[in-house]
Amino acid sequence: MYDINKEKEEKYIDSFVYRSKNEANQLLKLEIYRSTEGGFRCMFFITTKRKNGYQYKKQTGKDGLKSLMWAKNCLLDFLEYAKDRYKGDVIKIFADDKRRWRIYWRSLKPLGFYVEKTKYLPICKKI
């Protein structure tokens, strides 16, 4: 499994980023930040070039489930960190497409996440 390194970012009021590299030398990145609508948003992506960052609906990862397990462990690390500091806030996870959404939902449902019945069907959890 890959290293879990949490860093506090200065982009937003409350922003955290987890970074690692996989065996294909790709950058794994999970960003969690406070949204202007309230609560936290979570964004996970794999890229080959740092300057490109997140690329909507583009499959750049070649690592399969290992990277998803890393992202899940990072999310669990953040929830453990946030449970006393941000009690009562909600974290929302969005997916680019149905295939990703189903994978995220299958993995997060046993952890107490629920689906918010709005247009984008975010997967949510109260911290």
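This report describes a loop and a set of salt bridges in a predicted model.

## The loop between S2 and S3

Asn 22 lies in the loop that connects strand S2 (15-21) with strand S3 (27-34). Its relative accessible area is 6%, and because buried means under 20%, Asn 22 is classed as buried. The side chain of Asn 22 comes to 2.8 Å from the backbone nitrogen of Gln 26.

Glu 23 is placed in the loop between S2 and S3 as well. In contrast to the buried Asn 22, Glu 23 is exposed, at a relative accessible area of 57%. The side chain of Glu 23 makes a polar contact of 2.8 Å with the side chain of Lys 66.

## Salt bridges: Arg 34 and Asp 14

The structure contains eight salt bridges. One of them joins the side chains of Arg 34 and Asp 14, with an N to O distance of 2.9 Å. Arg 34 belongs to strand S3, whereas Asp 14 sits in the loop between strand S1 (6-9) and S2, so this pair ties together parts that are 20 residues apart in sequence.

The two partners fall into separate accessibility classes: Arg 34 is partly exposed, with a relative accessible area of 23%, while Asp 14 is buried, at 13%. Arg 34 and Asp 14 are also linked with Asp 89 in a network of salt bridges.

Glu 37 is exposed, with a relative accessible area of 61%, but Arg 41 is buried, with a value of 17%.

Glu 116 and Lys 92 form another salt bridge, their closest N and O atoms being 3.2 Å apart. This pair connects distant parts of the chain, 24 residues apart: Glu 116 is in the loop between strand S6 (114-115) and strand S7 (123-126), and Lys 92 is in strand S5 (residues 90-93). Glu 116 is partly exposed, with a relative accessible area of 22%. Lys 92 has a relative accessibility of 17% and therefore counts as buried.

## Basis of the pairing

Side chains of opposite charge can pair when their charged atoms come close.

Conventions. Residues are numbered from 1 along each chain as its sequence is written. This is a predicted model: local features need pLDDT of at least 70, side-chain atom pairs count only at pLDDT 80 or more; totals for chains, interfaces and linings use all residues. Side-chain values use heavy atoms; hydrogens and water are left out. Helices (H or I, at least four residues) and strands (E, at least two) are DSSP runs, numbered from the N terminus. Buried means under 20% relative accessible area, exposed over 50%, partly exposed in between (1.4 Å probe, protein chains only). A polar contact is a pair of N or O atoms within 3.5 Å; within protein, one must be able to donate a hydrogen and the other to accept it, and residues adjacent in sequence count only if both atoms are side-chain atoms. A salt bridge is a side-chain nitrogen of Lys or Arg within 4 Å of a carboxyl oxygen of Asp or Glu.
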